[in-house]
Amino acid sequence: MQQSPSSIILSPEQAGTTSLLRQLFGNAVASRYVDFCKLVGGDLPLHATRTLAAHALRELDALLRQVLASPFDAVIRDDPSEKALRKKARKSLKEIGFDEEARQRADGALKPQLNFKRQVERILTRLGLDPEGEIAKKWLSFRDALSQVHQRSFDKTLRIDDEFRRTFAEPFDAVIRALATALQERYSALLQRASEIAAMGPETGMDAFVKEIPGAAQLQRHFYDRLNSEDWLPALEERGLLGEPSFTKEEDDTGFGQWPVSRYLLRMAKSENAQTRAIVLKAIGSLAASVHPDVHHDGMEVVAALPTNEAALLADVIAGWLRPDFALVLQFPPVIIEKLARAGEIDAALKVAAAFFQVFDTGGRLATLHDHLMYEHFLPKSMEDLAAAGPTKALALFCGLLEQVIVIRRRSDENSTIDDSNYLVGDFDDNPSHRDIPACIAAAILRCAESALKSDGSQPLAIVTEVKSHRGRLFERIAMKIVAMSPAALPDLAAAYLTDQKFIDQDWCRKEYAAIANVWFGSLDPQSRQSILDFIYAIPDDHRFDEWFCKTHGKPPTERERREYRFSEVRDVVWGWRNALPDVLRQELEAGVAEFGDPNHRRNTLYREAESPLTSAQLRALPIEDCIEFLKTRRVEVSEDDHAFATDALANQLRIAAAEDPIAFSAKAVDFDDMEPIIVRRFLEAMEQAAFNGVSVSWGDLLALMAGLCHHIPSSSGSPSAQHRYRIVRSMIDVISAGLRATDSIPPRHTADLSA
């Protein structure tokens, strides 16, 4: 059974030659060579392979000579006087009556020619090879392959046989390898030729470029980097050389990029000539459907260089390139958004922004086009530009994005039976550097609203209406925050929020309610203010509190505990806007705080920070033996829970101390074997840090500790819990991994210890 063409394997030498040809000349030459090798292999399901192989050999030979001839002075330069004579001859032929085709053939025949032998000898000489050596003889023998091309013997097979392989294929392989190897040392000649062609005008240079500059990325890049004349742009467009790159994945290891013409397009995008830029605009627009990452990256850079009104015409193209299934391009979209927005091209800027900051669901998780934290990095800057240029349109965009986030995070559903969206964002005024994606988008909405209120004070209701048109408590909080920004422009809405009993005592909007109350409670009519206060003072429910207290503590509450309950219920509701209260009520609140504390008092009591018996500095100040003894024998007269808190705190201080003096602590590693699991883990974490940073430690003692831990961790009696057991083993693995990654960290003499 014959092999499929794709399964035919090249020999190691042929594979090496292919790789070298691809590097030096590009895929067009390398692919021709691969096809020749497969034809010669005889495994293709073809019959007349001899003729095809001879054609391929002749094609490759001619192609290589065409590329190498000019750089290595293997052509005869045309003399101007001879050109004049040929021109005169063509004129005479025309007068006689010869047609154009005949005159062209005559002109070609009259041109000075360099025969095959002399051209081969010159190329070999310039490459440093012997023009009379074995390679020269083999190359010159290719002329005989021409007779194989048109062979029409009906009594002989046209399949490749051993004779053809010996006569043509093997010498051809040798020649190709020799040329490619020698060319590596003299490759600058090809680069120089590319520079010469770039300096020509397109009327003569275009043909030379197409014929002589192969598709190797470095040659193409060298040519386009030196091409500065705008005259070349129409010629390149006419030849179809501004379109999709023809490079393949195999050619992606050069580091020169696969769309070298983009560097020329970038320079032309900055031209003052409108016709030149029009060609650039057309070229980029024609690539809207491209999936090539270099087209996306370089194309965006070209768009960023165009005048703003022209770049706006390509907004749909840029937006189409920003897709989850395409390679990520982060550098230029923010530049394009900024440029468009600042020039007033808000619709185009929003198209690009909508694509660049899109959110989507990936396996039930919120995803973006960005790497970790980069969405939060880019959005604030683009938000400022969009908010300044078109705040109401930008607000609508960001509201739509936030609603998608709510749905993806499953914080709300279409029937509004679930609404936990308020938990997505904490305090709107948090440090911007601490914001996640939902908080960043919410901040963008508020910034756009603020900008819209400042630029056009006549539309505050429209702004709030847009926000409230999106479902979810989070949007309600944002709307309340916007009302608090400008309550005088929305007096009815401010009053409605303050007097609506479904907002007054709710935790989820407490800060936003307080923001409105602080600026508008005093502006309400007396009756509305009193109704709000009556509702708040009616919140405490003594009967419910008594039931809860008895159930929880097994006894009824004291009168003081009831008073603390009543006070705390009112205090927590009004605390954020206490300064807006009437003086009498504010004084009562201050008196209650003096007796029962502010809202943070209970939290500080319940969630106190654990204290370590010794700090890291104190642990380091002790002799290492005394430090180990303290860790083993310390006794603290506290409850079991408090002992666990103190142990955790002490373990954290030990990690700091051990990381600062790893050699001393690692020398006593074996003494940690029977300590509490959290102490052992923190010690191992300190050793991992030292190993990762290449700091010397006593690996013999460390490995002895790990060996001991491995022996007693699996035991059932007296062993740590399963959770601690896993974490200690994980820490041991991390220490060894860090040591193996660091240069010269674990000495070779400990190889046996590692294996054990």
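Arg65 and Asp61 share helix α3 (residues 49-69), where they sit four residues apart, about one turn of the helix. This is a predicted model. In it, Arg65 forms a salt bridge with Asp61. Both partners, Arg65 and Asp61, are buried. The structure holds 46 salt bridges in total. Side chains of opposite charge can pair when their charged atoms come close.

| Salt bridge | Closest N and O atoms |
|---|---|
| Arg65 and Asp61 | 3.1 Å apart |
| Glu100 and Arg103 | 2.5 Å apart |
| Glu595 and Arg563 | 2.6 Å apart |

Next, helix α5 (residues 100-110). Glu100 and Arg103 both lie in this helix, three residues apart, about one turn. Arg103 has a relative accessible area of 10%, so Arg103 is buried; the cut-off for buried is under 20%.

Now the third pair. Glu595 forms a salt bridge with Arg563. This pair links distant parts of the chain. Glu595 lies in helix α32 (residues 583-596), and Arg563 lies in helix α31 (residues 559-574). The two residues are 32 residues apart. Glu595 has 36% relative accessibility, so Glu595 counts as partly exposed. Arg563, at 34%, counts as partly exposed too.

Some salt bridges share partners. Which residues do they join into one network? The members are Asp542, Asp546, Glu559, Arg562 and Arg566.

Notes. Residues are numbered from 1 along each chain as its sequence is written. This is a predicted model: local features need pLDDT of at least 70, side-chain atom pairs count only at pLDDT 80 or more; totals for chains, interfaces and linings use all residues. Side-chain values use heavy atoms; hydrogens and water are left out. A salt bridge is a side-chain nitrogen of Lys or Arg within 4 Å of a carboxyl oxygen of Asp or Glu. Buried means under 20% relative accessible area, exposed over 50%, partly exposed in between (1.4 Å probe, protein chains only).
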